[in-house]
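Take a look at the structure below.

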Amino acid sequence: MSMFLDQVTIDVKAGKGGDGMVAFRREKYVPDGGPAGGDGGRGGDIILVVDEGLRTLMDFRFNRFFRSTPGENGMSKGMHGRGAEDTYVPVPQGTTVRDKETGALLGDLLTHGQELCVAKGGRGGRGNIRFASPRNPAPEIAENGEPGIERKIELELKVLADVGLVGFPSVGKSTILSIVSQARPKIGAYHFTTLVPNLGMIAAEDGRSFVMADLPGLIEGASQGVGLGTQFLRHIERTRVILHVIDMSGMEGRDPYDDYLAINKELESHNLRLMERPQIIVANKMDMPDAEENLKEFKEKLYADVEDEFADKIPVFAISGMTRSGFGPLMSATADLVETTPEFPLYDEEMEEETVRYEFKPEDKMFEISRDDDSTWVLEGPGLERLFKMTNFDHDESVMRFARQLRGLGVDEQLRAKGAIDGDLVRIDSFVFEFVD
């Protein structure tokens with residue numbers, strides 16, 4: 001049985017933009033060769049792309065860090081750096097992507113080849129050609145490349161199975177799956193046997209095929225988080241047809257019909273939509289002595305129950321995992337139902353509204369001011385740090401430009417308001433300068 005991993009957190013870091021260049025034309029016969037520093041190239045994005053061949057998030061267990069390449073730096077003679085290639089990360093169909101920190105939904109990847117950019121590369125820094133103006137024809141200013149976006153994202157995979165097997169633990173779901181498919185689940189005769197859903201490709205006798213998932217045994221209260229809890233109920237959300245497996249032997253002193261009602265209640269309390277799925281009742285363990293009698297009683301109760309308006313439409317198939325009888329008709333009927341049941345919408349309207357595309361927004365606080373123990377003023381904030389990282393401190397003019405940008409953001413006013421005086425030290429990241437009033 002393959003380990004079924006359905007949730008993983010990965011770190012992605014897009015490429016930083018290339019740095020702009022400060023350069024001047026120095027050519028014979030060109031007395032005042034103006035600025036000639038090119039721009040840096042943009043950094044590579046990190047893009048998730050759906051690959052039909054993948055079934056699980058297994059690959060991410062061994063590789064959780066994805067870095068894209070930085071853009072090339074600008075060069076002299078006005079040559080721009082080359083933009084970096086984007087990094088593509090394949091994920092299976094049905095992967096839901098969230099931002100780990102904010103929990104925002106970034107996208108649902110459902111169709112083969114669908115792409116989602118989860119981290120934008122930084123734009124390239126501008127070279128000094130860009131800063132030339134009539135007032136300053138030979139600027140010694142260039143920007144460093146913008147840092148690429150770095151974030152933790154959470155990938156979740158819901159099993160995309162057409163058919164789900166539900167029923168109490170140990171009614172024989174794993175056995176059924178192992179008989180009709182090539183899946184080889186671990187089988188044990190105790191409750192909570194299947195801790196992860198097993199998937200199997202099933203071929204009916206006439207060649208039609210579908211994917212069947214053995215959904216882990218539910219116990220009453222699972223939807224309230226008791227027992228194996230809701231993460232397994234989630235796997236049922238995408239199935240089209242439910243095979244409701246019932247142990248007809250009555251071995252553990254339980255009434256098969258009570259079991260049937262209990263599991264349906266379970267499905268209902270998790271997500272009402274589950275009851276809209278067509279069901280087929282699979283009466284298993286028919287080789288046991290009391291099974292025939294129990295099945296007769298079961299059908300009487302099922303069809304007598306007027307409240308359950310679906311009851312008269314629910315087919316019941318008798319099988320035995322032990323003697324392997326009754327599987328042919330069951331699989332054909334299941335294939336028929338899969339063909340005629342449309343896919344259920346994969347998420348509700350609420351989820352639709354929840355999709356948030358995260359971009360850097362001007363209203364994100366540009367900076368915050370705090371004070372260190374040694375009374376240095378500390379400036380922090382995403383917007384400010386971005387400007388800082390894009391400033392090339394090797395050239396005085398770039399530094400002056402940075403000072404003007406800070407003033408433009410209102411940093412000076414706020415420092416003054418907080419009581420900063422001439423000569424106080426101010427720190428951004430690792431860079432310390434004096435406050436000049």
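What follows is a short walk through salt bridges and a patch of charge.

This is a predicted model. The structure holds 18 salt bridges. Here are some of them.

Start with R401 and E143. Their side chains meet in a salt bridge, at 3.3 Å from N to O. Where do the two partners lie? R401 is in helix α8 (residues 396-409), while E143 is in the loop between β7 (115-119) and β8 (150-157), so the pair ties together parts that are 258 residues apart in sequence. R401 counts as buried because its relative accessibility is 15%, under the 20% limit. E143 is buried too, with a relative accessible area of 4%.

Now turn to R386 and E146. Their salt bridge spans 2.5 Å, N to O. R386 lies in helix α7 (residues 382-389) and E146 in the loop between β7 and β8, so this pair ties together parts that are 240 residues apart in sequence. R386 is partly exposed, at 29% relative accessibility. E146 is buried, at 11%.

Some salt bridges share partners. In this way R42, D45, D86 and K120 join into one network. Within it, D45 forms a salt bridge with R42, and the closest N and O atoms are 3.4 Å apart. D45 is buried, at 7% relative accessible area. R42, at 36%, is partly exposed.

Finally, go to the surface. D290, E293, E297 and E300 gather there in a patch of negative charge. E293 sits in helix α4 (residues 291-304). Is E293 buried or partly exposed? E293 counts as partly exposed, because its relative accessibility is 47%.

Notes. Residues are numbered from 1 along each chain as its sequence is written. This is a predicted model: local features need pLDDT of at least 70, side-chain atom pairs count only at pLDDT 80 or more; totals for chains, interfaces and linings use all residues. Side-chain values use heavy atoms; hydrogens and water are left out. Patches are made of residues with over 30% relative accessible area and no salt bridge: like charges are joined within 9 Å, nonpolar side chains (Val, Leu, Ile, Met, Phe, Trp, Tyr) within 5 Å. Accessible areas come from the Shrake-Rupley method with a 1.4 Å probe; for residues, only the protein chains shown count as cover. A salt bridge is a side-chain nitrogen of Lys or Arg within 4 Å of a carboxyl oxygen of Asp or Glu. Lys and Arg count as positive and Asp and Glu as negative; His and the chain ends are not counted. The place of a charge is taken as NZ of Lys, CZ of Arg, CG of Asp or CD of Glu. Helices (H or I, at least four residues) and strands (E, at least two) are DSSP runs, numbered from the N terminus. Buried means under 20% relative accessible area, exposed over 50%, partly exposed in between (1.4 Å probe, protein chains only).
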